[in-house]
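Look at the model before reading on.

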Amino acid sequence: MKLSVIGKDYIKVDESNLNDKNLISISKIHIIKLNFKTVNYDNIKTITKNFPNTNRFVISNNIREYNSLLKTIGKKFYVENVIDTPFISFFRKNNKVLLNLNNLRKYEKDFILNESIFVDILKNIEIVQINRGDFDILLPLFEVWNGNVIISN
């Protein structure tokens, strides 16, 4: 398991901080969540220029637009589930997923946190975002997993 620290290894970028010198000065950002209001080629080019060592991006909206732009520059991206999106339909539609457990409905989260189900889900995803309490409970499962964990407060 690789832990990603929010603000260091995992950041969110939008129009307001696209050229933020503090973010640009971070030597290696593992994952960037793209959160632009307007998805366009110029923003994507600026991201790749400002963060040349980042190869993984997360998107949660405007999926078609991001998909067409990110394909042209050969960058890998993950689709994050958003609040109130039906989990099963979301999971079936997307190949590369950042599963944000904090965005699930209570009954979906309770279902997924069943150990046998969670083990199966980990076999099919590369990135999980989870709160500290749930992470501590599931730590033994994460220790043998070869994915990326983002712990949120």
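## Helices α6 and α7

Helix α6 (residues 115-122) passes helix α7 (residues 132-143) in a right-handed crossing, meaning that the near helix is turned clockwise from the far one by less than a right angle. Helices here are DSSP runs of H or I with at least four residues, strands are runs of E with at least two, and both are numbered from the N terminus. The axes of α6 and α7 come within 11 Å and cross at roughly 45 degrees. Axes are lines fitted to C-alpha atoms, for helices over the stretch in contact, and angles run from 0 to 180 degrees between N-to-C directions. α6 and α7 are therefore oblique to each other; angles under 35 degrees count as roughly parallel, over 145 as roughly antiparallel, 65 to 115 as roughly perpendicular and the rest as oblique.

In the contact (heavy atoms within 4.5 Å), E115, F118, V119 and L122 of α6 meet L138, L141 and F142 of α7. These residues divide into six nonpolar, no polar and one charged. Ala, Val, Leu, Ile, Met, Phe, Trp, Tyr, Cys and Pro count as nonpolar, Asp, Glu, Lys and Arg as charged, and the others, Gly among them, as polar.

## Basis of the model

This is a predicted model, in which local features need pLDDT of at least 70, side-chain atom pairs count only at pLDDT 80 or more, and totals for chains, interfaces and linings use all residues. Residues are numbered from 1 along each chain as its sequence is written, and side-chain values use heavy atoms, with hydrogens and water left out.

## The two sides of α7

The buried residues of α7 are D134, F135, L138, L141 and F142. Buried means under 20% relative accessible area, exposed over 50%, and partly exposed in between (1.4 Å probe, protein chains only). Seen down the axis, the buried residues fall within an arc of 100 degrees, so they line one face of the helix; the arc is that of the directions from the helix axis to the C-beta atoms. The face turned away from the buried side carries the exposed residues I137, P140 and E143.

D134 counts as buried because its relative accessibility is 13%. Leaving aside neighbours within four places in sequence, D134 is in contact with K109 and L113.

## Helices α2 and α3

Helix α2 (residues 41-50) and helix α3 (residues 63-73) have axes that come within 10 Å and cross at roughly 45 degrees. Y41, I44 and T48 of α2 and Y66, L69, L70, T72 and I73 of α3 make the contact. Six of these residues are nonpolar, two are polar and none is charged.
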